[in-house]
Amino acid sequence: MKLLNIALFEKDLRLEMDETGLQCLYWADELVSQVDLTGNRVSEIVHRFQLLQHNESIEISLNLQAKEQIVEYQLWIDQKQHTFGEFQLPQTGHLAKSEQKKGFLGLAALAFKLLKSAKVIKAVLAGASVAGYAWLFSIEFALVIVTCLVVHEYGHVKAMQYFGIKTKGIYLIPFVGGLAVSDDKINTRWQDVVISIMGPCFGLFMSLACIVLYYATEMELFAGAAVLSALLNLFNLLPILPLDGGHVLKSISFSMRSWVGLSVCMSGIALGAWVAYTFGLALLVFFLFVGSIEVIFEWRQRHYSHLIPLDKYGQIFSSVWYLLIALGHILIIVSFADSKNPILSLPMKILGS
């Protein structure tokens with residue numbers, strides 16, 4: 001059964017599957033990848049292979065994700081998206097939409113998908129965020145918080161654009177934070193690390209810029225923006241899914257391809273439960289619930305994951321990068337710990353409690 005036929009380097013890339021679930025990918029008449037789904041039912045798989053072009057080795061990746069009645073595909077060349085599309089879902093039953101998206105989570109995902117299709121929703125959510133924070137605190141504080149969130153999410157967007165991933169933009173969610181929405185799936189664990197950590201990176205750049213402005217103008221508003229940005233970004237670096245730190249942790253630990261990775265992620269969830277209990281963060285409990293489902297589901301699908309794992313160098317580099325960004329935010333908070341301004345000293349009191 002032929003599923004897909006697309007052009008790649010002036011030759012046909014052809015995907016076929018038989019009744020038993022054996023998928024074969026041919027480039028012209030050469031078998032370049034094979035995935036055996038016999039006895040399995042999965043929602044996504046990947047075909048990955050190397051081609052030699054002009055004396056250079058090129059990495060090709062064909063990602064497949066089952067939907068209701070179709071299969072969406074993405075063709076990546078050297079970790080940059082080349083083309084995408086869809087074809088009819090085969091009737092063999094080996095490829096099927098994930099059951100994870102049914103029920104309440106499925107309805108929530110569908111509602112958000114409908115909401116994000118309207119551009120006016122961005123303005124409404126942004127206005128609601130400013131109004132909500134202003135009602136709780138002050139208009140100045142609200143503007144600082146929203147600016148911190150936008151800069152943080154813009155870091156995610158720029159990282160997505162660097163990898164050629166299409167984005168829908170930034171959505172601010174009142175009393176929750178922000179969200180950078182993309183249309184495409186990532187292709188490697190390295191992409192997950194970079195996209196996740198660039199939010200806190202941009203947040204660190206903003207804090208440093210605000211400190212420079214503070215010393216240049218002596219306006220405490222800039223110092224407040226620096227420490228609040230540092231606190232928000234440090235919270236995002238907690239090793240808890242679906243926070244940024246949780247994605248970095250998952251990418252590093254799941255690249256180990258062993259029970260060690262699952263144990264590390266579950267340790268992060270346990271840490272999150274302790275933080276939620278200690279500080280009374282009810283919203284974090286919801287994050288932990290969603291993150292736990294993601295960890296368990298991805299662990300079950302690990303043998304068919306389309307994500308290219310990090311090598312040893314990538315794991316070490318990602319860990320050091322993560323720790324340096326976290327240390328940068330901590331140093332900014334500590335530098336204002338002795339301030340008589342309650343806003344400037346608040347983050348250090350929270351960390352020291």
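## Sheet and helix packing

Eight bridges join strand E7 (residues 70-77) to E8, and the two run antiparallel. Welcome to a predicted model, in which local features need pLDDT of at least 70, side-chain atom pairs count only at pLDDT 80 or more, and totals for chains, interfaces and linings use all residues. Residues are numbered from 1 along each chain as its sequence is written, and side-chain values use heavy atoms, with hydrogens and water left out.

**The sheet**

- E5-E6-E7-E8 is the order of the four strands in an open, antiparallel sheet; strands (E, at least two residues) and helices (H or I, at least four) are DSSP runs numbered from the N terminus, and two strands pair if DSSP finds at least two bridges between them.
- Strands E5 (44-53) and E8 (80-88) stand at the edges with a single partner strand each, so one side of each has no neighbour in the sheet.
- Gln-74 has Phe-84 in E8 as its bridge partner.

**Helix H5**

- The 17 residues of H5 (residues 220-236) should span 24 Å at 1.5 Å a residue, and the end C-alpha atoms are 24 Å apart, which agrees; the expected span is 1.5 Å times one less than the number of residues.
- In H5, 12 of the 17 residues are buried (under 20% relative accessible area, 1.4 Å probe, protein chains only), including Val-227, Leu-231 and Leu-234.

**H3 against H5**

- Helix H3 (residues 139-162) packs on H5 at about 50 degrees, with the axes 9 Å apart; axes are lines fitted to C-alpha atoms over the stretch in contact, and angles run from 0 to 180 degrees between N-to-C directions.
- Residues in contact (heavy atoms within 4.5 Å) include Phe-141 and Cys-148 in H3, and Leu-228 and Asn-233 in H5.

Key: Buried means under 20% relative accessible area, exposed over 50%, partly exposed in between (1.4 Å probe, protein chains only).
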